[in-house]
Each structure stands twice: as structure tokens, then as C-alpha cells.
Amino acid sequence: MATDLKADQTLDFRGLLCPVPIMKIAKAIKTVQVGQVVEMLADDPGAPADMQAWTRQTGHELLDSQAEGGVFRFLIRRRK
């Protein structure tokens, strides 16, 4: 999907369980400018559902979501 999109910031939350990755992405997204893309890596099995819910609730755009080898990769564009 958006695998060729370059992230402006990468966050590695592997080893952290819910709700920590969501709390950390909520804080980190404020450090990039509107329109920039943040890449988030996580291995919490609940991460895909959490990210879909979080982006829907906050208005940020989930550009891509992939899973490989137990690691989830998300690309999120800051919208506000």
C-alpha cells in the first residue's frame, strides 16, 4: 500500500503492551508538523485494533498497516 512512503519519525514500541504504545504515539505525534508521517513499530497483538480506534478518534490518518514476523508497522499522518 504505502510502503514506499518515507516516515519523518520512527517509533519502536516493541516489547510494550497496551495502553503504553497508544499513550506514547499520542505524545509523539505532537512533535511532528501537521502533514508529516510517523512510523510506529509494535508487537502487541492488540496494536492493529488500537491504532484503528486511535486514529479514528483523533482524526489522524492511518496510511498503512502491515504485519511481518510478529511485528506490526503503522504509518500515521498527523492531521491536526
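Reader: What pattern does the protein chain follow along the sequence?
Author: This is a predicted model. Read along the sequence, its protein chain runs β-α-β-α-β-β.

Reader: How many helices and strands is that?
Author: The chain has 2 helices and 4 strands.

Reader: What about overall size? What radius of gyration does the chain have?
Author: The radius of gyration is 11 Å. A compact globule with 80 residues would come near 12 Å, so the chain agrees with that. Along its principal axes, the C-alpha trace spans about 30 × 25 × 20 Å.

Reader: How much of the chain counts as buried?
Author: Of the 80 residues, 39% count as buried. The chain exposes about 4700 Å². Carbon and sulfur atoms supply 52% of that area.

Reader: Let's pick a helix. Where is α2, and how far does it reach?
Author: Helix α2 covers residues 47–58, which is 12 residues. From first C-alpha to last it reaches 16 Å, close to the 16 Å expected at 1.5 Å a residue.

Reader: Which residues of α2 are buried?
Author: A47, M51, W54, T55 and T58 are buried in α2. Seen down the helix axis, the buried residues fall within an arc of 95°, so they line one face.

Reader: Why would residues a few places apart point the same way?
Author: An α-helix has 3.6 residues a turn, so residues three or four places apart point the same way.

Reader: And the other side of α2? Which residues are exposed there?
Author: A49, R56 and Q57 are exposed on that side.

Reader: What covers the buried residues of α2?
Author: The cover includes helix α1 (20–28) and the strands β2 (37–42), β3 (61–68) and β4.

Reader: What comes just after α2?
Author: G59 does, and G59 takes a positive phi of about 90°.

Reader: Now strand β4. Where does V71 lie, and is V71 buried or partly exposed?
Author: V71 lies in β4, residues 71–77. V71 has 22% relative accessibility, so V71 counts as partly exposed. The cut-off for buried is under 20%.

Reader: Which residues does V71 touch?
Author: Leaving out residues up to four places away in sequence, V71 touches R14, L41, A42 and Q66. The C-alpha atoms of V71 and F13 are separated by 9.9 Å. Those two residues are 58 apart along the chain.

Reader: Last topic. How many aromatic pairs does the structure hold?
Author: The structure holds 1 aromatic pair. F72 and F74 form that pair, and it is stacked. The centres are 6.4 Å apart, with 20° between the planes.

Reader: Are F72 and F74 buried or exposed?
Author: Both F72 and F74 are buried.

Notes
Residues numbered from 1 in each chain as written. Predicted model: local features only at pLDDT ≥ 70, side-chain atom pairs only at ≥ 80, totals over all residues. Heavy atoms only, no water. Phe/Tyr/Trp six-rings, centres within 6.5 Å; stacked < 30°, edge-to-face > 60°. Buried < 20%, exposed > 50% of the residue type's maximum accessible area, 1.4 Å probe, protein only. Contact = heavy atoms within 4.5 Å. Expected span 1.5 Å × (residues − 1). Arc of directions from axis to C-beta. Rg over C-alpha atoms; globule rule 2.2 N^0.38 Å. Areas by Shrake-Rupley, 256 points an atom, 1.4 Å probe, with all protein chains shown as cover.
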